[in-house]
Structure formats: structure tokens, C-alpha cells
Number of protein chains: 2
Amino acid sequence: MEPPPAPEGRSVIERTFDVLGAFDSANVSLSASEISRRTGIPVATTYRIVSKLLDWGALERIGMNKFTIGLRLWEVASLAPRHAALRGAAISPMLDLHAKTHSVVMISVRDRREGVWLESVSGSGGVCHRTWSTGNRFPLHATSCGLVLLDQAPATVREDVYAAALPAYTDRTVTDPDVLRNLVDETRRRGYALCEGQLAEEVAGVSAPVLDENGVGIGALGLVTDSPAAITPRHIALTLETSRRITRALTLRSRETEPAPATVSRGGRGRGVTRPDCA
Amino acid sequence: MEPPPAPEGRSVIERTFDVLGAFDSANVSLSASEISRRTGIPVATTYRIVSKLLDWGALERIGMNKFTIGLRLWEVASLAPRHAALRGAAISPMLDLHAKTHSVVMISVRDRREGVWLESVSGSGGVCHRTWSTGNRFPLHATSCGLVLLDQAPATVREDVYAAALPAYTDRTVTDPDVLRNLVDETRRRGYALCEGQLAEEVAGVSAPVLDENGVGIGALGLVTDSPAAITPRHIALTLETSRRITRALTLRSRETEPAPATVSRGGRGRGVTRPDCA
């Protein structure tokens, strides 16, 4: 991401979202002066914006002078359609895949030229669990999920990625666009992607596409192992089976004609309590 | 919720959040003129605000002239700490409880004088699944989750609820504050709450408290059945067992000393890809 322009040139709305954007997974609570430092917005202005955000519920106060993202922002944001159906259909199959393999399992989508993890299932140990907690975006060219998402992307996005600098994370990261192009073609041909040590030395992953009810690729299911760093044929078979199960659940949901397997819904925000609901 | 004041008296930040608040689970995509109609903000101003929200990623465009909540807002909002740990610890046990009972299972927290569903697990049929999709807030006085959350609330909040009007949703809704007070006391004594037909005629629920690592109540696990509308001793035992399992998972997570059972993490937003992550 590019650094934001100097704050004095930014509108009130831009500054407001700069304040929200100051929070990340390493900083889930911040004081007003910390927000000011992270955004470059003067402290007095920061306080004014924070106060408005508190009123609405986009921020909440914890302790004397710390703030966190608020439940009401989460309620509105949970309406984001790009993830709601996918993660709802994916969680139960992901938990099953984790139970069978003890590997980390995640579901991802593409956002512009990056991947975004929507959800992951893991034990509490392991390198993956720890590194994930620092952020949820990942480079498309150095991950198995990324190869699947590149295959699903419009050709113009794919060419943009090939044309951009491809940073090396390890000695094995693919930085040559022609090699990357071949990997994406191979992913399409065989229906899944493999990466070994391309983002982190001792980590290997396999990913398979998830399709919507029209057969259009909308995300990638990934399985990651770091002990030992090897993907087995069983990993591949189970990942493919699970991605097909998620695709089927999405199709069933969209038809809504017959009972689907257990699905998980996050509360989408309503407009207050307007009608009888369940106990 | 009270209606917002006339829009002309509202600040830019307030109008911006009015625009975001125009979306709800019955309206996940809106045109600018629909947003204008729902918020009372003039169309030209609505367009200006929408344009800023698109730039930042709080909204996304779909089709020619429709907008939805964007993935980036979801990334920031997923940092909301009041739900992140709870729902991460809860999902796997909730899926198990659903598999054992075929009932709807949900996890909830209190926000001021209302309850908020964080997550629910259900089949695709059934009255509960359908009514939930219209909103995720619920009244504390007419639900089993609400009784548990009232028991957990500070005394001042509890007294506020007792003192306010208690709307009747069915003939069986408790609208007498003294009866409600007794129900909350009974919930505390026996460690779970029951509701039968108090929010909807043919729906019954049982709820049990979830505690944080310090033994403080932070949420309620609920199980709801509508066919037949009866909670059995087995429902109660399994709900209590599952809520204790979620409490244990939260405690294990907070200690982070030993491998926990499978947990689900949503991608918390990071600041771009700043370090090696998993494949």
C-alpha cells in the first residue's frame, strides 16, 4: 500500500477513514495520541473525529483513554457481500478438512492485486497461525492461493501483476513473470496450485478454486503445512474434495430449494428490532 | 433505535455514517438515489460521500449504479475485539452442537440495552433462519440469550431495562419488570435461561453464559428449536456443555501456553504485506 498523502490536504471523510485505518491486528486498541502519530492528524482534530466515531459506534472506549473498533461498525461491515456467502458456506467444510489433516486451512479472495484471507482454521501453535496474526493480505505470486486467484482474475489484472515487480520472500519465490505465467497456466490445467517455500522457507501449501453457482471462480481454498513442509497426494485430494463441497454449498444456498448442510451466518445488521425473532 | 435528526443539521462525519448505515441485511446493495431516500441526504451530497467511500474501499460498486459495503471496511471492522475472540472460540463447538441437535445455535453479546447475534449455525430451512436474516439485534427481555446477558450486565443497565417499557411480542412475553427480575435471578441461580414463545409463538430457546478467562460473563450461547417448540433436558445439558467448552477455549487462547483445539480466525487487517506469511 502507498502511504497516504500529507494529512492537511485530506478531506474530513478521508481523515475519518485514516483514523479507522490506524487500527490493525497488531494495534487493536489505540489512544488518541497514538492514532494521531500513526495518521499524522493533529491530536485536537483526532479527538474531534474520535468523538464522532464513538457517538456512532464505529469506535468504542476501553479503559481510560484507549479506543477500539466498535461492534456497530462490525455489524454494518458484515454486510459486505464479497465474503458473506463464501465464508458462511466454507467454515464447516474447512473445520472438517482441518480435523482430517491437522493442517492450517484458509479461504481467500482477491482484492485488486492482493489476496485477502477471509477466514482460517488452525490449532494455536505453528508458524502459520503466528504469522497470520500480523495481517491478512498476501502476495498473489508467492502463494498457492494466489496462483488460483490469479487464474480466476481478469486478464488485465493478471497482466498487471506479471508486469509489476515480483518481490522475493525466499530464494524460491518466483520473480520471473514468464515462470509465473506458466505456473498459472499449470494451475488452470490441473485444477489446483502448489507452493513450497515461496513465501516462507519451511511452509508448503496446496489450493483449489471455489466457484459460484454460475461456475465462476470467486475464491481459493488453501491448506498449509509446515511440519514437514510437504504436500502429499492425500492433502491434494482432500483439498479438492473440500473446495467442491464449498462450491456445492454455495450453489445450494443460491437455489434455496432444498435443505442445505449446516451453514454459518453472521448477524447482518438490521434496523433495530422490528419484528419477532427467535428466542 | 431513534430516527436520526434532520440531515441538514448533521456533520459530514455523521452523514458519512448515515450512508453506511443505510445498508442492512434486507438492502445489501443500494443505488445512490436509494441511499438518498433512506438517509434524507440530498442526492448530490450522497454522490460526493459515496465517491469518497469508494476511494477508500468502504463501499464497492456492483453493476452500473449499485453499491455495497466493501471488503476493506470488513477488514478494519474485523478488528472489533468484542466479537473476534468470542466467535473464533465459539464456531467449532457451535457446529458440533448443531450436528448433535439439528437446532439453530447462536452466540450473542449485549450492546447497551439490546442483544446482538455474532454468529448463528443453522440448516437453510426453519423459521429462525429466515427471521434472523432481517436483522441481528434482539430484545433482552424476551429471549433466553437476553436473560443471560441481563444477568451479566452491570446493575445500572439491568435497572434501565426493567424501568423501560417492555414491548410484548406474543401473549407470553414478560412485560412486568418484577417478573422479569425474578427470571433473571432464576437464570443466575440455575446457570441457564429458558424462553418459550416469548418472542415468537412457536419458538423455544435455552441459553447459557460464556465467560472470559477471568470468569467474567461476556456472552450467551443460545439454542433455538421450533419443531416442536420444546426444550428438552438433553438440549439444556448439551448447551451447558458447549458453553463451558467455549469458555475453556477462550481461557486456553488467552494463556497461549498449550495447543488449543481448532480455532477459527478471521483475517484481521494488516498494513499491506509486510513480512513473509504462509502459502
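A residue counts as buried when its relative accessible area is under 20%, as exposed when over 50%, and as partly exposed in between (1.4 Å probe, protein chains only). At 10% relative accessibility, A:Trp56 therefore falls in the buried class. The model is predicted, with local features needing pLDDT of at least 70 and side-chain atom pairs pLDDT 80 or more, while totals for chains, interfaces and linings use all residues. Residues are numbered from 1 along each chain as written, chains are lettered from A and ligands numbered from 1 in the order written, and side-chain values use heavy atoms, leaving out hydrogens and water.

As for chain A overall, 56% of its 279 residues are buried. Chain A has 10 helices and 10 strands (DSSP runs numbered from the N terminus: H or I of at least four residues, E of at least two).

Now to the rings. Phe, Tyr and Trp (its six-membered ring) pair if the centres lie within 6.5 Å; planes under 30 degrees apart are stacked, over 60 edge-to-face, the rest tilted. Five aromatic pairs turn up over all chains. A:Phe17 and B:Phe17 are stacked, at 6.2 Å centre to centre and 20° between the planes. This pair crosses between chains, joining helix H1 (residues 12-21) of chain A to helix H1 (residues 12-21) of chain B. Both A:Phe17 and B:Phe17 are buried. A:Trp56 and B:Phe17 have ring centres 4.6 Å apart and planes at 40°, so they are tilted. Here A:Trp56 belongs to helix H3 (residues 43-56) of chain A. Ring pairs tie A:Phe17, A:Trp56, B:Phe17 and B:Trp56 into a cluster.
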